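Hi there,

Here is the structure I promised to pass on. Please have a look at it first, and then read my notes below.

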Amino acid sequence: VHEELAAALEEAGVDRATAEARLARDPAELEALRAELRRLDARRAEQPAVLAERARRREQHEATDAPSLDPVEAAAALSAAQLRLTDTRELFVAVRGRLESDAEARARATELRRAMADQMERLATWTTLADLIGSANGNKLRVFAQSLTLELLLEHANHHLRDLAPRYGLSRIPGEDLALQVIDHEMGDEVRAVTSLSGGESFLVALGLALGLASLSSQQARVDSLFIDEGFGALDPGSLEMVLSTLDVLQSSGRQVGLISHVPAVAERFDTRVQVTPAGPARSRVELIVQAHSL
């Protein structure tokens, strides 16, 4: 018996200790191994049928859906596709970098536009000042200052013209700094050129400007003297009386008024006057006349 067992173990390629260890296993474990063995035997029995089905499907595929490229061509196409993929990835990286640079440039542009808007506001202020007073010789500043003074002068002149000649008013010509125009209130505030005035009207307007200049004063300077040279002969009696009355009021306010005229009615109106009369060829006589009363 021992000899038969040794021969059987040798034939199976198992030593006695291994055989005894296997025989000592739990029956339940052995049953589970037998069941797994049966399952594997069943799957092995199915494989020929599965292999036959796979072979049939391969033959069908090769017969109906043959590849358009042979292995060599397929390998070349794959290599070309890989090169294109590499180029595409590099292009993608480059485009992404350009997009990032563009985003940064747009952010900088936004900041620059904001800074430029601030500078444009400052530029507008300086441009306005340059338009008003900017010039190398200072002429614009002088004209600008004179235009401001002229505005004040016209305000005073129009105040006096309301008494001297209510029909007329003075204003600056739009777009001009020192040019004047006449407003005719009796003609629906029609704008007229100064040159359209008659001799008497021109005298009254000029007198209004002179009186306006006399009214200009400040803490540092005051115009206390006014000299008027001729022009009275162009006035009708009513206008002449109105002008002389206005001058009387001006003189009574503390200002000195000097008139140069050949009109007797004007000369007789003042107590004190310097009278110049002819005294022969190229000679004149100057006489100071002081009357005891004023008309």
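E53 and R56 sit three residues apart in helix α3 (residues 27–64), about one turn of the helix. Helices here are DSSP runs of H or I with at least four residues, strands are E runs of at least two, and both are numbered from the N terminus. The two side chains form a salt bridge, with 2.5 Å between the closest N and O atoms; the term stands for a side-chain nitrogen of Lys or Arg within 4 Å of a carboxyl oxygen of Asp or Glu. E53 has a relative accessible area of 31% and is partly exposed, and R56 is partly exposed at 43%. For these labels, buried means under 20% relative accessible area, exposed means over 50%, and partly exposed lies in between (1.4 Å probe, protein chains only).

Before I go on, a word on the source: this is a predicted model, in which local features need pLDDT of at least 70 and side-chain atom pairs count only at pLDDT 80 or more, while totals for chains, interfaces and linings use all residues. Residues are numbered from 1 along each chain as its sequence is written, and side-chain values use heavy atoms, leaving out hydrogens and water.

Now to D184. This residue forms a salt bridge with R167, where the closest N and O atoms are 2.9 Å apart. That pair links distant parts of the chain, 17 residues apart: D184 is in strand β2 (residues 180–184), and R167 is in the loop between α5 and β1 (168–172). D184 is buried, with a relative accessible area of 1%, whereas R167 is partly exposed at 26%. D184 also forms a salt bridge with R192, the closest N and O atoms being 3.0 Å apart. Shared partners join R167, D184, E186 and R192 into one network of salt bridges. Both D184 and R192 are buried.

H159 counts as partly exposed because its relative accessibility is 43%. From H159 to G169 is ten residues in sequence and 8.9 Å in space, C-alpha to C-alpha.

As for the whole picture, the chain has eight helices and seven strands, and a search of the whole structure finds eleven salt bridges. Of the 295 residues in the chain, 19% are buried.
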